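Hello,

My notes follow below it.

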Amino acid sequence: MDENKTMKKKLIIQSFAPLFLILAIKNLTWEMIPPVVKLAECLRKREWNVLLRIPFHAMFLTYVLEMICVVWVLYALVSIRSFMNLQTANFRSQGEKLAGVYKISDSGVTFFMTYVLPMVLDDVGTLRGFTVFVLLMVMLCALMWRTNLYYQNPVLTILGYDVVSFKFRDTQLRSFAQKECIGITRGKLGDESVIKRQYIADNVFLIYEDNVENADR
């Protein structure tokens, strides 16, 4: 069964969207506006030599961070729309039942407190602070990609999604038989619930109760 690597990447981007939104607000000041206006005016006059002086501006790294934050948050918003559209098609309904369903109620909070809040407290306006921030983000994204921690997505929690741990009682997926899996869902699911599913990656699924199958029971 093929992994949906595109959706996995988008969920990772979403996971850090609160961090970049907070950083954008934290570092945005009124003092940043006049230099931008002056730069726009110089470019309008085709004074291209001003571009050579930009890296030496005292707030250069802050501007770079702001641009990264804006792009990251915008991409996260687009990915949220993509994730919601994903829920209208491509589900597999094979009469599969769940067992050992357990709601992971604090996953979003844990992620926020562990990965987001400490990064917000760092000073990224200096070269050293900015470099450390970039290295940490690269390592965290690599960690997310190689594990299933992206299911601890605080954005999904805010949007009303639940995360549950479960096993398949009946499934045609041999590699997941009796294996603990993670389900991202809305609505109540319990033992013996018949579900429809979409595979994301690792052991993570997007699952919903299959109303048609449950109505026939």
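In strand β2 (residues 162-170), Val164 is the bridge partner of Lys103. β2 runs antiparallel to β1, and five bridges join them. β1 (residues 92-103) also pairs with β4 (residues 194-201), antiparallel, over four bridges. Two strands pair if DSSP finds at least two bridges between them.

The model is predicted: local features need pLDDT of at least 70, side-chain atom pairs count only at pLDDT 80 or more, and totals for chains, interfaces and linings use all residues. Residues are numbered from 1 along each chain as its sequence is written, and side-chain values use heavy atoms, without hydrogens and water.

Now the helices. The axes of α1 (residues 5-15) and α7 (residues 127-146) come within 10 Å and cross at roughly 140°. Axes are lines fitted to C-alpha atoms, for helices over the stretch in contact; angles run from 0 to 180 degrees between N-to-C directions. Lys5, Lys8, Lys9 and Ile12 of α1 meet Cys141, Met144 and Trp145 of α7. Contact means heavy atoms within 4.5 Å.

Overall, the protein has nine helices and five strands. Both are DSSP runs, numbered from the N terminus: helices are H or I, at least four residues, and strands are E, at least two. The C-alpha atoms fill a box of roughly 75 × 30 × 25 Å, taken along the principal axes.

Best wishes
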